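Colleague: I would like to learn how to read aromatic pairs and a helix in a model of this kind. Could we go through them one by one?

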Amino acid sequence: MDYENSTHVRDWTFTTQQLEELRTRSNHEAQRFIQQFESAALDDHDDKGETAADSSSPSIIEPQVHNFAKSYKHATTSPYDPTSFQSNSSFITAQEEVLLLNFYASKLLPLIGPMATISKLKRDIKVSSTAAFIFKRFYLSNSVLIFDPKVIMVASAFLASKVEDATVDVRYLEDGTRVMEAHVKVKEIIEAEVKLIKGIDFDLCCFHPYKVVLAFTEDLRTFLKSKDGRKFVTVNKDVVSGEDLRPIYDLARDIIQKLMFTSDVMLISSPGRIGFVAMMLANEILATKDSSSNIKDENMASDDNIANSTTGVTAMIKIDFKGYLMCRFASDKKQQEIETLWKEITNLFDFMKIAFDQEEPDMMTLKGIHKKLKKCRLWGKEDNGGKRKKKKRKHNEDN
């Protein structure tokens, strides 16, 4: 499928402001529903009496799966006004939800993909990435207050394996959650998958930047050896070989892999730009690291070592990516278009650099959010309540 005409770019690429609006709306919708749910349950309890309430479920509506994010950019109405709802401080905020979602998305890597803890769940990285993309799409219209992120995360892995034609047995996913000490039953996974599909409005099309990095690496291998290309690279050897670009390639993939699971990069930009910027960032990190190492080596090395160091060493490369872009694609696009594109790339570079350097939230912060969520979430309460009622009933029978 052509990316430019896909639903990926048409319906699932947003600005950071739009993402904030969507998440605020989903958080407020969830708070509103829970308040109505609790009010209806209380009224039902008063109407039926305590004895009747114990033997039958409250006559209240089920939570609805939303999918308003898909059509958000095309809506003719005004954007959601966060001041239209008075948020309750007892609920977790949209920002706290993002921290939880990034945490759960990162757990997809040991569940399914090349780093899966169970061998039968080892798949290509694109399966994990598709799962993360689907998972985050769902929670642009829905909230962790209503739907358990752990169960939705596992359902995302199951659905992604089918989307990428690498289907896994759902029972192995249950085994995987056991190994991760976060057990999710097969029945829960299948039920959550139905909600997940509804929440993304059956939109399963996902594109990833991994092949982009490979394509640019292959092009640079040829370009940097050419007469024009040599002007845009600084290197500590005469000729750039293909292997000299491997460290950039490897680190760029690592950068993408981290950001696909712990940031919104896939929701704000195209795979092509993400892959290109990942290589820019990798080159900057390696060039800075090599420069520091070189200074230390020069201070420690003898003259003989320096004389012999020109053979068999890893090249120190610094690529002028703007020059590469201008020279390589000037014939395809006008100068002004490339300048505009470069500004967008620079903004994305700043975003990705901050996201890559950002430390993961400490476990104490996450535990605090989980503790707060446990007090205000909708899911899990009915099961716990049912267990308490069964225990109470059994106690009365014994007496």
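Modeller: Rings of Phe, Tyr and Trp (its six-membered ring) pair if their centres lie within 6.5 Å, with planes under 30 degrees apart counted as stacked, over 60 as edge-to-face and the rest as tilted; by this rule the count comes to 14 aromatic pairs. Trp12 and Phe14 form one that is edge-to-face, at 6.4 Å centre to centre and 80 degrees between the planes. This is a predicted model, in which local features need pLDDT of at least 70 and side-chain atom pairs count only at pLDDT 80 or more, while totals for chains, interfaces and linings use all residues. Residues are numbered from 1 along each chain as its sequence is written, and side-chain values use heavy atoms, with hydrogens and water left out.

Colleague: Are Trp12 and Phe14 buried or exposed?

Modeller: Buried means under 20% relative accessible area, exposed over 50% and partly exposed in between (1.4 Å probe, protein chains only), and both Trp12 and Phe14 are buried.

Colleague: How many residues of helix H6 are buried?

Modeller: Helices (H or I, at least four residues) and strands (E, at least two) are DSSP runs, numbered from the N terminus. In H6, 12 of the 15 residues are buried, so the helix is largely enclosed by the rest of the structure; among them are Pro149, Met153 and Phe158.

Colleague: Which residue follows H6 with a positive phi?

Modeller: That residue is Asp165, whose phi is near 55 degrees.
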